Amino acid sequence: MRNFYAENDYQPILLTKFYPDSSLFSLIDYLEQLEEHGLSKSNYRLNELKELINGLGGKDTVKNLTAVYNHLIEAELLIAESLTNYSFALQYGQVNPRRILNRYYIPVKRPDSLVFKNVLLTANLKHYLDSIQPNAKLYKRLQERLRKSRETKENRSTLIANMERLRWKYTKDSTGMVYVNIPAFELNVIKDEQLISKMKVVVGKADGHETPMLSSMIHSVQVNPVWHIPTSIATKEILVQAQADKFYLANHGIDVYYKGEKHENADSIEWSGYNKENLPYTFKQRPGNTNSLGLIKFLFKNGSSVYLHDTPVKATFNRSMRAASHGCVRVEQPLNLALAIFGEGEKYNTIKEEMGSVDPVARTIKLKPQVQVILDYFTCTEQAGKLVFYQDIYKQDSILYRALK
């Protein structure tokens, strides 16, 4: 703001443009409706702003020239602050999700200095304020529900949190996208803005294994994958199972490695002598029907080592509460997902054939062109013209609500 006024010879730009035609009162009118967006008036110093603007034409203000200038300066700067804050909140969201939410890695757009300057250089304030009102159908429906509601605080916080999420901006490829809504335990495949496939998913448990929110590109699949078992799972789960049953590893197709070399006599290892602090072994699960990744996994770059994958444990898809994985997303119909993103053809036929092989071998098949995948978090969506609510499994609504307030 200092740079903006320095570049404009410290003139009251906004007062000069918008006080004579009374359009500043449009700003006040919109700020009066902040609560309809789930935002707090107290964050925008509305009463102070009204007092300063209303005082511009009052004789009580004109005590001497210094008092007039001070009043003009205060009014100009508070108008600039309120206008830019309001503009950014409606167009980009009031909070930056990457600062307040754990495991949020979607690169949302945030206002920069050019956006800031363009707001202050707008020529028609009323037209500009009208143009930045969110107009997504779900946003309007949430806003209407909030306006009418005499809901509990918890329900209001759900409406307000989801309105804020809708204000966040990030790139979505409507020509082809795999979209997972974590609280809904649901995966949708979108092509040319049309839903072409839909299925249940299982997501991460809310115990430190939460599925991250991210955007990436599916670049390949691995059919009959080998599972390189993470150290955390090896020490907390695999070791415990091996201590209870020395045949557990063999029965589940798990090979043991020491310093990168396969241990040929894993059944002879005395597992009771090891714990999570001194376990020197690593583990890999061979391809096959018992593999925890199932018969296929869908790969995309991310910093959390997660992916979409099949699973041999199908019963979990029958539960209403499907937060049960270590962070990856288990897919109910992986072959249908492969068909949706690869389409009919040689690669899909190879995937189908290899997944049915009696002698499974890991094989990677590249996807060209790559397809965007988004793992997102909405606790309220619209279906058939009605709002549908989902459990806030990771307690993010309350975190977001507190940040907004």
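Which residues are buried in helix H14 (residues 346–355)?

Author: The model is predicted: local features need pLDDT of at least 70 and side-chain atom pairs count only at pLDDT 80 or more, while totals for chains, interfaces and linings use all residues. Residues are numbered from 1 along each chain as its sequence is written, and side-chain values use heavy atoms, with hydrogens and water left out.

In helix H14, the buried residues are Tyr348, Thr350, Ile351, Glu354 and Met355. Together they cover an arc of only 160° around the axis, which places them on the same side of H14. Glu346 and Glu353, on the other side of the helix, are exposed. Here buried means under 20% relative accessible area, exposed over 50%, and partly exposed in between, with a 1.4 Å probe and protein chains only. The arc is that of the directions from the helix axis to the C-beta atoms. Helices (H or I, at least four residues) and strands (E, at least two) are DSSP runs, numbered from the N terminus. The cover over the buried residues of H14 includes strand E4 (214–223), strand E9 (296–300), helix H13 and strand E13 (363–376).

Helix H13 spans residues 334–342 and contains Ala340. With a relative accessible area of 18%, Ala340 counts as buried. Setting aside neighbours within four places in sequence, Ala340 is in contact (heavy atoms within 4.5 Å) with Val189, Ile196 and Ser197. The C-alpha atoms of Ala340 and Met177 are 10.0 Å apart, although 163 residues separate the two along the chain.

Strand E1 (residues 177–181) pairs with E2 in the antiparallel sense over five bridges; two strands pair if DSSP finds at least two bridges between them. Val178 stands opposite Val189 in E2. The hairpin of E1 and E2 has four residues between the strands, and Phe185 there takes a positive phi near 50°. Strand E2 (residues 186–191) is mostly covered, with five of its six residues buried. On to strand E3 (residues 194–204), E2 is joined by six bridges, and the two run antiparallel. Leu187 stands opposite Met199 in E3. E2 and E3 also form a hairpin, with two residues between them, and Asp192 in its turn has a positive phi of about 50°.

Beyond its neighbours within four places in sequence, Trp271 is in contact with residues including Leu239, Leu249, Val256, Tyr281 and Phe283.

H5 also takes part in the surroundings of another helix, H7. In H7 (residues 113–120), Val115, Phe116, Val119 and Leu120 are buried. Seen down the axis, the buried residues of H7 fall within an arc of 135°, so they line one face of the helix. They pack against helix H1 (2–7), helix H2 (13–18), H5 and helix H8 (125–131). The face of H7 turned away from this buried side carries Ser113 and Leu114, which are exposed. At the start of H7, a side-chain oxygen of Asp112 comes within 3.2 Å of the backbone nitrogen of Leu114.

Elsewhere, four strands make up an open sheet in the order E5-E8-E6-E7, with antiparallel pairing. Strand E5 (227–228) and strand E7 (261–262) stand at the edges, each with a single partner strand, so one side of each is left without a neighbour in the sheet. Strand E6 (residues 254–258) pairs with E7 over two bridges, and Tyr257 stands opposite Lys262 in E7.

The side chains of Asp397 and Arg165 are joined by a polar contact of 2.7 Å. Such a contact is a pair of N or O atoms within 3.5 Å; within protein, one must be able to donate a hydrogen and the other to accept it, and residues adjacent in sequence count only if both atoms are side-chain atoms. Residues up to four places away in sequence aside, Asp397 touches Thr158, Ala161, Asn162, Arg165, Thr379 and Asp392.
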